[in-house]
Protein chains: 2
Amino acid sequence: MTTESLPRRPAAKGGSTLRRYLPILDWGASYSRTLFGHDLLAAVIVTVMLIPQSLAYAMLAGLPPEAGLYASMLPLVAYAIFGTSRTLAVGPVAVVSLMTASSVGAIAASGTADYASAALLLALLSGLMLLAIGLFRLGFLANFLSHPVISGFITASGIIIAASQLKHILGIQAQGSNLASLLASMAGHIGETNLWTFAIGAGAIAFLFWVRLGLKPLLTAWGASPRAADIVAKTAPVLLILVTTALAWWFHLDQRGVHIVAEIPQALPPFALPPLDLSLIEQLWLPALLISIIGFVESVSVAQTLAAKRRQRIHPDQELIGLGAANIAASVSGGFPVTGGFARSVVNFDAGAETPAAGAFTAIGILVAALLLTPFLYYLPQATLAATIIVAVLSLVDLGALKRTWAYSRADFAAMAATILLTLGFGVEVGVVTGVAVSIVLHLWRTSRPHCAVVGVIPGTEHFRNINRHEVETSDRLITLRIDESLYFPNARFLEDRISELVAENPKVENLVLMCPAVNHIDASALESLEAINRSLKDAGVTFSLSEVKGPVMDRLKRTHFLDELTGKIYRSQIEAYRALA
Amino acid sequence: MTTESLPRRPAAKGGSTLRRYLPILDWGASYSRTLFGHDLLAAVIVTVMLIPQSLAYAMLAGLPPEAGLYASMLPLVAYAIFGTSRTLAVGPVAVVSLMTASSVGAIAASGTADYASAALLLALLSGLMLLAIGLFRLGFLANFLSHPVISGFITASGIIIAASQLKHILGIQAQGSNLASLLASMAGHIGETNLWTFAIGAGAIAFLFWVRLGLKPLLTAWGASPRAADIVAKTAPVLLILVTTALAWWFHLDQRGVHIVAEIPQALPPFALPPLDLSLIEQLWLPALLISIIGFVESVSVAQTLAAKRRQRIHPDQELIGLGAANIAASVSGGFPVTGGFARSVVNFDAGAETPAAGAFTAIGILVAALLLTPFLYYLPQATLAATIIVAVLSLVDLGALKRTWAYSRADFAAMAATILLTLGFGVEVGVVTGVAVSIVLHLWRTSRPHCAVVGVIPGTEHFRNINRHEVETSDRLITLRIDESLYFPNARFLEDRISELVAENPKVENLVLMCPAVNHIDASALESLEAINRSLKDAGVTFSLSEVKGPVMDRLKRTHFLDELTGKIYRSQIEAYRALA
């Protein structure tokens with residue numbers, strides 16, 4: 001049952017570093033005709049789903065539609081070579097496209113050449129950062145984005161994206177860097193609504209909701225499996241595109257004020273390096289870092305969820321390299337930042353994809369579409385794309401999570417609510433930066449206060465317990481403080497504070513013992529604190545001892561002068577200390 | 001013995017919030033003639049020591065000498081009102097002056113009005129930040145600057161400061177943003193050395209070293225107490241100033257190329273708000289934050305060390321408010337950033353200061369000096385001030401710490417060495433930012449890997465121990481993982497990884513128990529992970545149970561759906577779980 005899972009540490013087991021960095025060597029070696037059949041079928045279905053998505057997310061990112069197609073070719077091939085998930089479908093996704101629009105929009109006007117090249121540079125920076133984080137094995141840093149913060153950020157982004165697309169549904173102009181200004185701007189232009197556009201947009205939204213809420217149950221009732229019904233529902237946007245494009249062409253809706261996609265170049269992606277402009281890099285490095293982190297966190301949870309279902313494993317550090325390679329590929333082939341998409345990966349998985357080759361086949365499918373089908377998309381109304389975006393992102397909005405989190409933990413609720421409000425009020429960058437900062441500060445605060453307890457002996461035993469919770473025996477001459485965590489710089493000062501408080505409160509005390517059964521590590525800062533504690537207890541006429549120090553910690557202490565200067569002793573067990581000092 | 005210590009939580013005990021924020025109400029109420037006598041004597045000695053220091057540190061900060069005097073008046077009064085240390089002597093200090101020169105020097109040329117007003121703004125920003133950190137009780141954040149990083153930073157700063165003053169000793173022009181460029185620039189101009197200047201500078205250094213190394217032992221041998229000898233040695237710079245000023249005046253050395261201090265305005269500090277220029281604020285907020293943190297960390301350790309000697313206590317959050325008030329005072333009275341100084345506080349303590357009133361008296365002493373003595377300082381050679389700086393900062397340089405830290409911990413050594421090299425190579429801001437980042441990343445890395453162990457039962461007992469360290473009994477059907485830390489977002493994913501690894505490695509396993517005797521808290525992210533673990537174990541046909549869950553943790557879990565969905569059970573004790581599942 002573990003045969004399918006990738007080895008955890010291939011370098012150590014197989015001796016091949018190459019295999020670790022090129023997972024394709026692993027699954028490629030045993031690639032078979034059967035696997036090919038499964039992968040190809042999944043690729044066809046994902047391609048059909050990806051065409052409208054790639055056009056729509058390019059529009060969301062403020063880029064021409066072909067950028068979406070380009071972002072769905074080479075990046076998929078790069079991920080297939082370097083990624084460790086068998087079923088992750090990489091490409092443009094809603095939240096990253098929004099973040100792209102937000103950061104690049106601050107530098108250049110949408111539609112200009114500067115805008116497009118800034119998006120390429122953003123993808124390059126993000127790719128290089130992901131690569132660096134992966135190579136230096138810093139993937140653990142993503143753990144410090146707490147779940148409530150991510151969940152709040154995704155919800156707020158979904159709301160912003162949906163709001164930003166409403167203007168395309170109404171056929172009006174509107175701009176705003178946050179939700180309030182966007183809505184205000186739309187309210188100001190609502191009189192200019194184009195009814196043809198609105199008819200198409202509203203109709204498209206209604207259709208897509210019907211597919212999701214009405215068609216899927218219907219298909220299931222007709223005997224389709226839930227998976228098949230789901231896949232059919234996910235390809236409904238293609239039908240919508242066909243119908244609305246035909247309508248726009250037939251009725252010449254473009255002459256009635258309906259914005260259409262118009263010319264998409266029928267060409268291979270334009271291979272070129274993005275402009276390496278230092279002042280641009282200075283403006284884009286932070287957004288690139290945020291996009292990298294958010295993209296990685298989202299992608300890795302999808303990948304992990306899907307891998308677990310088949311008892312496969314993914315390797316977060318190598319995933320970073322895979323996503324990094326995908327973004328670098330996007331940057332040299334006319335795309336924009338990409339990552340693993342949730343809905344798309346689930347479809348890929350359900351459609352039976354077995355290896356990352358399915359991604360490469362999808363890329364070929366998109367290439368064929370770009371070369372052959374783009375003329376047919378000339379009359380595609382932008383309102384149709386906006387409708388697909390709105391319906392897709394509303395599933396990201398999970399306001400129920402606020403309620404669930406409130407019930408479980410007020411602190412986590414506060415972090416989530418703050419992230420949502422800040423993202424809505426000040427935009428995605430402020431939202432995610434604050435979210436990360438809040439998560440880390442909360443964590444630092446928690447670890448700066450180690451769990452510790454003053455203990456006494458349970459009469460007639462050798463057990464020591466918290467004096468506030470148990471009936472224990474203590475002595476005026478002795479205070480024993482049990483510390484339940486390793487001692488390191490964040491909690492070192494807390495210990496100094498706690499001990500000076502204890503000594504100030506207990507005038508009769510002559511001996512203080514620090515009981516260390518849970519101390520796995522004492523770092524240089526904590527050693528410095530222990531020395532300071534020893535000195536000030538000495539000035540106060542109190543001896544300082546330790547008990548139950550673990551072997552490795554003791555070995556390390558022996559390399560210092562601390563033990564020579566210690567006014568008390570090191571006791572093997574607390575009961576020995578108690579008998580000697582109480 | 002605890003009567004002298006300030007109450008720890010006066011608000012809670014005395015019901016007076018005012019007293020918490022105004023420690024002066026505490027000690028001021030019982031102020032007596034005896035205390036006044038002690039404080040006054042200490043103030044006179046500190047004033048004599050502070051006059052040359054304030055002139056010298058103003059020069060180091062790139063400001064005119066009067067700025068140093070102004071920074072030693074009102075800030076001391078503000079700290080006396082708001083600070084909690086009885087003996088801390090606030091004012092300009094070497095490292096903060098260097099940081100001021102480094103950040104303000106990037107904005108304006110030394111000697112211009114823009115330079116001086118940027119220094120005022122820097123003090124204001126730093127004061128407001130300290131105040132905010134104190135009011136929001138975020139002082140714990142300073143704990144995340146590990147000891148090796150601070151120690152390395154101070155050592156490197158001392159080297160840079162000494163090198164930067166060499167040009168004044170030689171009487172040449174030299175500039176450089178890091179040690180290498182500074183030394184290179186000096187080497188290029190060494191031919192322009194002014195011999196008169198060099199004679200004074202080198203003579204002054206030799207004299208000061210003799211005082212430290214020769215005079216102190218001599219005085220002690222003549223029967224002076226070590227404390228008295230130390231105080232005399234600390235006032236030696238004043239003698240040096242008298243002699244070298246007289247020499248410069250007598251021989252008209254200013255006409256022979258010796259730079260002198262020249263006109264110092266004989267005036268009260270210029271009270272005015274610093275310029276509130278937004279673009280300046282944007283450039284200065286980060287340096288201000290760094291200065292705040294470094295200043296606070298340095299000051300609080302001095303204050304804590306001195307307080308412990310007399311069994312007094314300081315309150316870090318209120319200290320932040322005190323230092324914030326001092327910096328705001330500096331900013332509205334023509335000064336620059338200040339903090340508690342080490343050498344000066346020790347002298348204050350040793351000279352018998354009893355309350356912060358000593359600081360206020362020192363301020364009056366400096367005011368008198370500014371009004372009456374400044375004409376006599378006209379001919380004071382800058383080389384004399386440079387010599388006092390060099391001798392003072394060389395005591396900050398502690399390269400031996402590198403060796404001690406290497407012996408104790410390689411990781412801490414790496415952090416220290418990196419901070420030293422980066423500070424020397426790229427300047428103080430890069431050095432301290434990197435140091436903070438390295439400290440925090442190291443901490444995050446450590447806490448993202450909680451201590452945990454697979455355990456088995458010791459035959460014939462109910463005790464469970466690590467299977468790698470003890471002879472224990474286990475079962476193929478059951479894996480028990482004991483987790484030795486609270487579960488929260490930084491380590492939540494690690495747990496998911498570890499469990500999926502265990503299940504992949506043990507094909508026969510049917511039950512997995514997470515033993516939680518040390519889990520004090522499960523946050524929302526970790527709950528999410530437990531749910532994910534439960535789901536993927538279910539897909540893999542393994543039940544998931546918990547054992548020895550603490551009461552408060554259990555209460556919280558009961559508010560969620562987790563217990564309903566759990567495939568296994570919650571066992572009160574691990575032995576029950578073992579008997580049921582093994």
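Tutor: Two residues are in contact if their C-beta atoms, placed from the backbone, lie within 7 Å. Keep in mind that this is a predicted model.

Student: What does A:S146 touch by that rule, leaving out residues up to four places away in sequence?

Tutor: By that rule A:S146 touches A:A415 and A:S439, and from the other chain B:F489 and B:S525.

Student: Why is A:S146 called buried?

Tutor: A residue is buried if 20 or more other C-beta atoms lie within 10 Å of its own; A:S146 has 30, and is therefore buried. Its place is the loop between α8 (113-135) and α9 (147-170) of chain A.

Student: How many residues does each chain bring to the contact?

Tutor: Chain B gives 48 residues and chain A gives 48 residues. On the side of chain B that touches chain A, helices supplying at least two residues each include α22 (489-505) and α23 (524-539), and the residues of that side divide into 18 nonpolar, 17 polar and 13 charged.

Student: What makes β3 (residues 452-457) of chain B a partner of β4(B)?

Tutor: Two strands pair if there are at least two bridges between them; three bridges join β3 of chain B to β4(B), and the two run antiparallel. In β4(B), B:N466 is the bridge partner of B:V455.

Terms used. Residues numbered from 1 in each chain as written. Chains lettered and ligands numbered in written order. Predicted model: local features only at pLDDT ≥ 70, side-chain atom pairs only at ≥ 80, totals over all residues. Helix = DSSP H or I, 4+ residues; strand = E, 2+ residues; numbered from the N terminus. Buried ≥ 20, exposed ≤ 12 C-beta atoms within 10 Å, placed from the backbone. Nonpolar A, V, L, I, M, F, W, Y, C, P; charged D, E, K, R; others polar.
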